[in-house]
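Here's a quick briefing for anyone meeting this structure for the first time. Have a look at the sequence and the model, then read on.

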Amino acid sequence: MTEAEQIRQSIEGAIKFYTEHPEKAVSADKAAQVSWQGGLRFRAEGTNGAIFLSDMPKDVGGVQSAPTPGWFMRAGVASCTASVIAMRAAQQGVALSKLDIAVDSSSDDRGFFGIDDSIPAGPLQMRMQVSIAAADGTSPEQLRAIVEWAEAHSPVAEAVRRAVPFTTEVEVG
């Protein structure tokens with residue numbers, strides 16, 4: 001069985017299961033636990049031993065020892081969308097020969113520093129560039145349709161585009 005066939009079978013099995021048991025489709029996502037490492041450096045830990053370190057640029061007091069949290073957000077959008085594109089292609093029997101994604105953004109640092117509260121602290125806009133090809137002569141229209149479908153169904157990209165209810169609990173001590 002090819003990798004694409006295994007992906008397709010797994011997706012079909014999940015769709016069948018959640019169609020038959022919609023009450024089991026909603027679950028809590030695994031928490032990302034972050035610990036301060038000193039200065040502006042942080043260590044995030046996740047499931048299966050996943051670890052990433054973040055730091056801030058020197059011009060805001062960091063030491064640039066690791067990527068910024070904003071870069072990880074953009075990387076999350078890119079990698080999640082790439083995963084969904086690959087899944088959708090496998091589902092449709094399309095053999096991809098190339099899939100590269102870049103996500104960039106622009107920001108106004110006055111919002112980040114609280115200089116002007118009318119300016120958002122986060123990105124003002126984000127842009128995703130997808131370079132995709134298929135080995136089997138799939139039409140450009142079909143490849144674009146796969147990308148459009150995946151962009152709409154990528155959990156991370158969709159969460160960035162939508163206002164997600166967000167709460168904060170503070171424990172002091």
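Of the 173 residues in the chain, 18% count as buried, where buried means under 20% relative accessible area, exposed means over 50% and partly exposed is in between, using a 1.4 Å probe and protein chains only. Keep in mind that this is a predicted model: local features need pLDDT of at least 70, side-chain atom pairs count only at pLDDT 80 or more, and totals for chains, interfaces and linings use all residues. Residues are numbered from 1 along each chain as its sequence is written, and side-chain values use heavy atoms, with hydrogens and water left out.

**Overall layout**
- You'll find 5 helices and 5 strands in the chain; these are DSSP runs numbered from the N terminus, with helices being H or I of at least four residues and strands being E of at least two.
- Followed along the sequence, they come in the pattern α-β-β-β-α-β-α-β-α-α.
- The C-alpha trace spans about 50 × 35 × 30 Å along its principal axes.

**Contacts and surface**
- Take the contacts (heavy atoms within 4.5 Å) between residues at least 6 apart in sequence: 45% of them join residues at least 24 apart.

**One residue to look at**
- Gly-49 sits in the loop between strand S2 (41–45) and strand S3 (51–54).
- Gly-49 counts as exposed because its relative accessible area is 59%.
- Between the C-alpha atoms of Gly-49 and Ser-97, 48 residues apart along the chain, the separation is 31 Å.
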